[in-house]
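Here is a short briefing on one protein chain. Read it alongside the sequence and the coordinates.

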Amino acid sequence: MTIRIYNTLTGKKEPLEPIEPNHVKLYVCGITSYDYCHIGHARSSLAFDMIVKYLRYRDFKVTYIRNFTDIDDKIIKRAAEQNTTSEELANRFIDEFYVDMDQLGIDRPTMEPKATEHIQEMVDLIAELIEKGVAYQAGNDVYFAVDKFPEYGKLSHRNLEDMQAGARISINELKQNPMDFVLWKGSKPGEPKWESPWGDGRPGWHIECSAMSKKYLGETFDIHGGGKDLIFPHHENELAQSEAANCCDFVNTWIHHGFVTIRDEKMSKSLNNFLTIRDLLAHYHPEILRFFVFSTHYRNPLDFSETAMQDATAGLERLYSCIHTIDQLEDRGTSDAEAIAKEKDINKLNSMENRFQQAMDNDFNTAQAQSILFDSVKILNRIAAALPESPAASDLQLLKESRETIKRLAGVMGLLSEDAANFLDNQKKKMLAGIDIEEATIQKLIEERYTARKEKNWARSDEIRDELLAHNIELKDGPEGTTWTVRRN
């Protein structure tokens, strides 16, 4: 089977064909380190963590580079506000970034270069662009001349003439073309600065990724990734300056994940719908956030809501419950009893890994992969519920082997890494903490409501629902019965 990936550059799914056989070289734009990470950062880090995990599961060697932007206008501004240095601020939030990533169980990349540690590589690349006539100095600044690169706009599928028509030139603009972008910024009083042939200053944002990816992955590499918001101008500009300097293709495949929305609006501090990773992990187990992120294909918008997180909680608990059920069968003795598992169920379970791979090979379709796991869990639960005290050896072996397959496949998404009994117990304790009603009372009311509904006593059924809701207990009716969760205020 061949992995096919949607390539932003070509607008279609293409087979993964690494330049070096079985060795994928991947570069992902990391954070600008001036604040705590939000759920959008979580989605990006989780998406590429999943992609790397899957590629390694499929026996590819992966060299994964993710950078830190540790010098930037936002960093300088925030450092001034906090009466500290840009270096101290950036390093502090890099440390905080690692705290969040470690909590999420994200594997460290092969290398994580910082922009400030690669100034010379950027200066050398800028000098090469000037020498080739595609960049120019204006005062102490240096700009890339977009009209010197005929293919400018090919990644974002934009026309340069249309972009120019919509641009405005400020009064003291030194650019030859309004779309030209800065490669080197002349220093301003009180700002961090480095020496260069064009005077003291600091690099522009776009040049850092071109310089660092070239150093660690070469002039052409396999995959470049980031959020859709980076397609233009950041990745467009990276592509232009890299290909203009190196005279060869920059990247073979461009991967971009969708935005995170909250109530269908893009997350924004100005809209007061900004959620940090720490906000979420204060209430949810890290694997619940992972499950939620991967329940949607990485290229689609991901809409956050409490309902979606409750659904993710229930879904993950269902997987763990199945694992726990099989774990409890571990010590059962077997007998000559007739096997319960039917041939079609055995075939379905034995094909689980193949079907999972087909889903993931189709542009890392984690949503479909999750449904395959649930399909298997449904079969396993049915078999486990029907087992006699001393089951047939073949049934028990089927359950155990399927359990291990589910755990291995879910591991691609960073799921089911906990002991099932401990996870479920901790989830129950968390759910019960802080509510002012006994679990036995909740269950008794649910049973009474079931009887009322059976007798078509809808008034009493609604009274019970409202009574529980007053205790922040929400009921959810499903094909397997009524479940309950604690509503967060």
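Two strands count as paired if DSSP finds at least two bridges between them. With that in hand, Ala138 has Asp141 as its bridge partner in β6. The model is a predicted one.

- Strand β5 spans residues 135-138 and runs antiparallel to β6, with four bridges between them.
- The hairpin of β5 and β6 has two residues between its strands.
- Gly139 in this hairpin takes a positive phi near 70°.
- On its other pairing, β6 runs antiparallel to β7 (residues 181-186), joined by three bridges.
- Val142 has Trp184 as its bridge partner in β7.
- Is strand β6 (residues 141-144) covered on both faces or open on one? Both faces are covered.
- Asp141 and Tyr143 are buried on one side of β6, and Val142 and Phe144 are buried on the other.

- Strand β3 (residues 23-28) and strand β9 (residues 221-227) run parallel and share three bridges.

**The three-stranded sheet**

- A second open sheet has the order β12-β11-β13, and its pairing is mixed.
- Its edge strands are β12 (265-266) and β13 (302-304), and each pairs on one side only.
- Strand β11 (residues 260-262) pairs with β13 in the parallel sense, over three bridges.
- Val260 has Leu302 as its bridge partner in β13.

**Helices α13 and α14**

- Two packed helices are described by the angle between their axes and the distance between the axes.
- How do the axes of α13 (residues 366-386) and α14 (residues 393-410) cross? They come within 11 Å and cross at roughly 155°.
- An angle over 145 degrees counts as roughly antiparallel, and α13 and α14 are therefore roughly antiparallel to each other.
- The crossing of α13 and α14 is left-handed.
- On the α13 side, the contact is made by Leu373, Ser376, Val377, Leu380, Ile383 and Ala384.
- On the α14 side, the contact is made by Leu398, Leu399, Ser402, Ile406, Leu409 and Ala410.
- By class, the contact of α13 with α14 has 10 nonpolar residues, two polar ones and no charged ones.

- Phe232 and Pro233 are joined by a cis peptide bond, with omega about 10°.
- Pro233 has its place in helix α7.
- Phe364 is not a glycine, yet its phi is positive, at about 55°.
- Phe364 lies in the loop between α12 (352-361) and α13.
- Is Phe364 buried or exposed? Its relative accessibility is 0%, so Phe364 counts as buried.
- Leu416 is not a glycine either, and its phi is positive, at about 60°.
- Leu416 is found in the loop between α14 and α15 (420-432).
- The relative accessible area of Leu416 is 6%, so Leu416 is buried.

**Thr313**

- Thr313 is found in helix α10 (residues 306-328).
- Buried means under 20% relative accessible area. Thr313 has 15%, so Thr313 is buried.
- Which residues does Thr313 touch, not counting those up to four places away in sequence? They are Tyr284, Ile288 and Gln427.
- The C-alpha atoms of Thr313 and Pro203 are separated by 44 Å, and the two residues are 110 residues apart along the chain.

Technical notes. Residues are numbered from 1 along each chain as its sequence is written. This is a predicted model: local features need pLDDT of at least 70, side-chain atom pairs count only at pLDDT 80 or more; totals for chains, interfaces and linings use all residues. Side-chain values use heavy atoms; hydrogens and water are left out. Axes are lines fitted to C-alpha atoms, for helices over the stretch in contact, and angles run from 0 to 180 degrees between N-to-C directions. Angles under 35 degrees count as roughly parallel, over 145 as roughly antiparallel, 65 to 115 as roughly perpendicular and the rest as oblique. A crossing is left-handed if the near helix is turned anticlockwise from the far one by less than a right angle, and right-handed if clockwise. Contact means heavy atoms within 4.5 Å. Ala, Val, Leu, Ile, Met, Phe, Trp, Tyr, Cys and Pro count as nonpolar, Asp, Glu, Lys and Arg as charged, and the others, Gly among them, as polar. Buried means under 20% relative accessible area, exposed over 50%, partly exposed in between (1.4 Å probe, protein chains only).
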